[in-house]
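Hello,

I am passing a structure on to you, together with some notes to read alongside it. Please open it first and have a look around before you read on.

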Amino acid sequence: MILQVYDLTKRFGGLQALSDVTFDLHTGEILGLIGPNGAGKTTLFNVINGVYTPERGRVSFRGEDITGLPSYDVARLGLARTHQVVRPLHELTVRENVMVGACYGREKHSLKEARRLADGSLDKVGLLDRGDQPSGSLNVSQKKRLELARALAARPYLLLLDEVLAGLNPSEIASMMDTVRAIREDGISILMIEHVMQAIMSISDRILVLDYGTLIATGAPEEVANNPQVIEAYLGDPNMTARLLAE
Amino acid sequence: MKVWQKPGFWLPLVIVLVWGGAVLLIHQDTMRESAFVLLMAVGLASSLNILLGYTGYVSFGHIVFFGLGGYTGFYLLSEQGWPLFASAIGGGLLSAFIAGLVGLAVLRLRGAYFALATIGINEAARAFVSNFEPYGGATGMFVNFSAYQKYGGPGPALWTTFTFLWITTMVVLVASYLVKHSRFGLGLLAIREDEDAAMVMGVKAPKAKTITYVISAFFPGVIGTLYFFKNGNIEPGDAFQLHMSIEMLVMVMLGGMGTVMGPLVGAVGYQWLRGYLLTSPIFKDLHLAVAGAMLLVIILFVPAGLVGWVRNHVQRLQKVLE
Amino acid sequence: MKRFGVGFVFVIALSFIVASLSAPPGATAAAKTVKPAAAAAAKTVTIGFTASKTGKFNVEATRQINGLHLWMEQVNGAGGIKLADGTVIKVADKFYDDESKKERVQELYTKLINTDKADFLISPYSSGLTDASAVIAQQYNRIMITAGAASDSTYKKGYTLVYQSYTPASRYLTGAVDILLKLAPKAKKIAIIHENDKFATDVVKALKIYAEKKGLNVALFEGYDSGTADFAPFINKIPADVDAIMGGGHFADTTTLARQLYEKKINTKMIALLVAPPEPKFAELGDACISVVGSSQWEPLAHFTKESAAKEGITWFGPTGEEFINAYKAKYKEDPSYHSAGGYVAGMILQDAIMKAGSTDTAKVKAALDAMNIMTFYGQLKFATGPKDHGLQLGHDMVYIQWQKDKQGKAMKQVVWPLAGATASAFVCPAR
């Protein structure tokens with residue numbers, strides 16, 4: 001068990017963003033997280049990695065309680081993430097961006113090793129030839145890959161991916177999916193938020209469904225897709241389920 | 001590659017080394033005075049740049065460290081009889097210490113809030129010193145003319161002060177380069193670009209910012225001691241002048257923030273321009289207006305600063321100008 | 001980069017520029033370098049100084065320079081300074097703007113001495129800037145006459161070539177104690193409320209010592225921050241039975257203090273304040289200004305004459321007060337203030353010393369300055385020569401004025417002290 005989330009609750013003023021969210025993530029697993037817009041998916045990420053402190057509940061990572069730890073401490077324990085809205089460090093080059101991940105991630109590399117490691121990650125996401133370019137000059141798909149490379153360079157045990165497929169065209173999606181699979185092959189566990197249904201259904205070992213801050217279903221993709229509550233809350237149309245599972 | 005082989009490292013250093021060395025060799029007083037004003041500006045602007053340029057935090061009241069450090073160094077020198085060198089280091093250390101204390105609190109603030117807080121710190125320091133009797137209260141302190149005898153009379157004393165300032169300036173430039181090109185500096189640049197994203201990547205922002213604040217406060221303290229020793233007296237009104245803070249900011253922006261060379265170019269350019277306008281028969285009544293207009297043009301049309309502009313437009317110079 | 005920060009810097013930079021653009025350009029016409037016509041037999045000495053043509057000291061410094069330039073024009077117009085050996089000395093000047101800031105003062109004075117070959121120096125306006133320039137003057141063995149630099153500390157640093165034309169701050173208000181004791185010999189208690197800056201603090205520290213020496217009890221001694229506008233907390237602390245209230249600081253705060261003392265109906269025998277009372281604008285306070293005593297370096301009303309000099313056995317030098325006032329008005333179309341007189345007198349001091357020395361040699365002129373004891377329209381001039389306070393002004397005294405009512409009931413200034421130059425006698429503050 002790499003991540004255990006127990007009874008997590010987060011409130012913003014009167015808005016209940018998360019209520020009593022409990023789940024486990026097994027080592028080596030790809031866990032998908034779906035739910036309608038505003039369901040609290042990104043908030044869940046933010047609470048897990050320390051951007052927000054929960055009102056109640058517990059997050060433990062590799063057996064260690066990390067509830068309320070600042071995000072940089074969480075990162076150093078080996079938990080990396082990407083952002084839904086890409087956040088490249090604009091005035092730094094692509095390589096420097098990735099080096100930040102390597103320097104300050106789990107293995108705390110020196111600049112020299114970080115450079116080597118960064119090239120490795122860039123190669124993995126297919127951005128090696130753009131290393132010297134300012135990161136602000138990349139297009140959306142490349143920026144998504146940069147986010148991924150940056151997170152990988154931290155050599156994390158667990159990767160939180162926040163909509164890495166959004167805004168990509170079908171061929172880009174396919175290649176990103178290959179990248180994600182390759183990452184799992186390297187032994188990194190993954191928790192990913194995704195709206196592109198076919199993709200998430202095909203790649204995930206299990207799926208979590210969040211609605212209004214509450215976990216309404218957990219299970220294998222087919223189970224979840226056939227869960228009436230999920231269909232009502234999110235999928236709406238039973239025919240759509242069939243389409244999803246057709247892939 | 002060793003740092004010595006990188007032009008970005010040695011170019012600014014060599015410029016200051018040759019410049020100060022030439023002044024010492026030629027040994028002409030007028031030249032020394034002009035060089036003192038310029039080197040002081042370079043030192044102050046470069047210190048500010050370590051914070052402003054690398055973390056993006058706009059310290060508006062940075063002159064407080066020049067004032068507090070200067071006051072402390074001056075006190076050690078005139079009241080405790082410490083030698084100039086030790087006093088200057090003492091002044092720098094006090095500034096650094098205060099920055100450490102204050103930094104933990106104010107560096108939580110971002111953007112304009114941080115800038116405003118630093119102005120508040122400057123005003124608070126001024127009010128404190130005005131009522132602090134060991135530092136002379138509202139009337140300040142002075143050194144007796146005979147204090148210069150220790151250094152062989154006022155002439156040699158001013159040369160000694162100049163030499164210290166020259167060395168200090170080079171140390172600031174070295175520090176600036178080393179910070180920028182270290183693992184630590186990479187973290188700072190990440191903070192500058194996106195602090196939250198940097199923290200998610202593992203950069204311990206609060207600690208890194210505080211350390212940077214401390215570094216960038218140390219040198220103004222040293223420079224303040226040298227400056228006030230040279231002037232022979234210190235008063236609250238001279239030590240905490242907000243306009244000097246603003247000039248430091250302008251110099252950094254003029255030269256290009258976040259570059260090692262930028263503050264050097266910006267400070268020399270700004271002070272040279274001011275000095276030229278001040279003593280030119282045509283402009284001497286208009287110098288502030290002319291300088292102001294030029295600054296406006298530069299800030300409007302060359303926001304990256306002179307060095308930044310050259311770096312962006314001349315590929316080959318990117319490795320030369322850091 | 002954080003956009004917020006950049007925008008903020010930009011706004012401030014912009015306001016900085018706007019502020020610099022709107023800074024007063026200074027009295028351009030009056031500030032042109034005055035160069036005498038080259039005369040074959042004449043030797044020209046260059047007088048160097050910095051002037052605060054921009055910045056906060058602009059007004060005072062401009063008047064000071066106007067006074068100095070009037071003196072130069074008169075000396076050169078009269079054919080120069082004629083020495084015993086027949087040499088004629090003409091004077092020229094060279095000056096730069098110091099922006100009312102200390103940063104470049106030393107650089108500019110070094111330039112004046114080395115590049116512009118200034119033979120003699122006049123100080124910038126204000127004690128702070130003078131402190132910076134004095135180091136340079138002493139270092140290069142140049143005589144510097146200070147004007148507008150009242151602070152005592154400048155002359156206690158061991159300089160041997162710096163001479164003060166103003167009455168030092170330590171004697172700025174001590175005469176008020178003398179006036180009080182003459183008005184009310186039984187006076188026992190005074191209250192001192194002062195601005196917490198260098199100048200006012202220097203003044204009141206000396207005032208307190210002097211008052212205590214004269215047997216007075218300083219019942220209240222409080223400093224307020226520069227820019228204070230509400231004095232109620234300080235006024236409320238004044239004991240009911242004080243015989244005098246003294247202190248103040250600069251124009252704005254002192255004027256407010258005087259008004260609030262009146263509004264709160266504080267009854268005391270005498271109110272003596274710094275800086276503001278001699279200014280004509282002080283009359284705008286109406287009844288609140290009546291009976292307030294102030295000290296000034298010089299007043300057009302004050303009468304120092306050849307006769308009064310002869311009576312005290314001191315040599316008279318230079319024009320009469322009337323001559324100076326008329327010449328100044330003719331040239332600048334305004335009344336001279338004490339700053340103008342200070343600038344003019346700084347020149348006169350040099351002139352007298354050069355004449356007596358019969359040379360422009362620094363050592364000889366210094367000897368003449370050390371021995372100087374003259375009476376001028378501005379008052380007596382004599383310098384301390386001991387090692388502890390060399391160059392401190394000893395001869396000159398403040399002139400004390402009091403706001404009184406003339407026959408029509410209009411407020412007007414009268415000189416009340418020293419008695420030798422008085423135009424009216426002082427009176428006790430009426431009940432409010």
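Below is what I found, starting with the chains and ending with a single residue.

Before anything else, please keep in mind that this is a predicted model.

**The chains**

Two pairs of chains are in contact, and chains B and C share the most contacts. Chain A and chain C, on the other hand, do not touch: 8 Å lies between their nearest C-alpha atoms.

**Chain A as a whole**

If you picture a box along the principal axes, the C-alpha atoms of chain A fill roughly 55 × 40 × 30 Å. As for burial, 48% of the 247 residues of chain A count as buried. Sequence separation is worth a look too: among the contacts in chain A with a separation of 6 or more, 65% are between residues 24 or more positions apart.

Chain A is divided into domain 1, made of residues 3–78 and 158–246, and domain 2, which covers 87–156. The centres of these two domains of chain A, taken over C-alpha atoms, are 24 Å apart. Their contact takes 14 residues from domain 1 of chain A and 13 residues from domain 2 of chain A.

Which elements give two or more residues to the domain 1 side of that contact in chain A? They are helix H2 (71–76), strand S7 (158–162) and helix H6 (170–185) of chain A. H6(A) provides the largest share of that side, four residues. By type, the residues on the domain 1 side divide into nine nonpolar, three polar and two charged.

Is Ile190(A) buried or exposed? It has 22 other C-beta atoms within 10 Å, so Ile190(A) is buried, the cut-off being 20 or more. Leaving aside residues up to four places away in sequence, Ile190(A) touches several others, including Ile30(A), Leu31(A), Leu159(A) and Val180(A).

Enjoy exploring, and write back with any questions.

Best wishes

Conventions. Residues numbered from 1 in each chain as written. Chains lettered and ligands numbered in written order. Predicted model: local features only at pLDDT ≥ 70, side-chain atom pairs only at ≥ 80, totals over all residues. Contact = placed C-beta atoms within 7 Å. Domains from an automatic or database assignment. Nonpolar A, V, L, I, M, F, W, Y, C, P; charged D, E, K, R; others polar. Buried ≥ 20, exposed ≤ 12 C-beta atoms within 10 Å, placed from the backbone.
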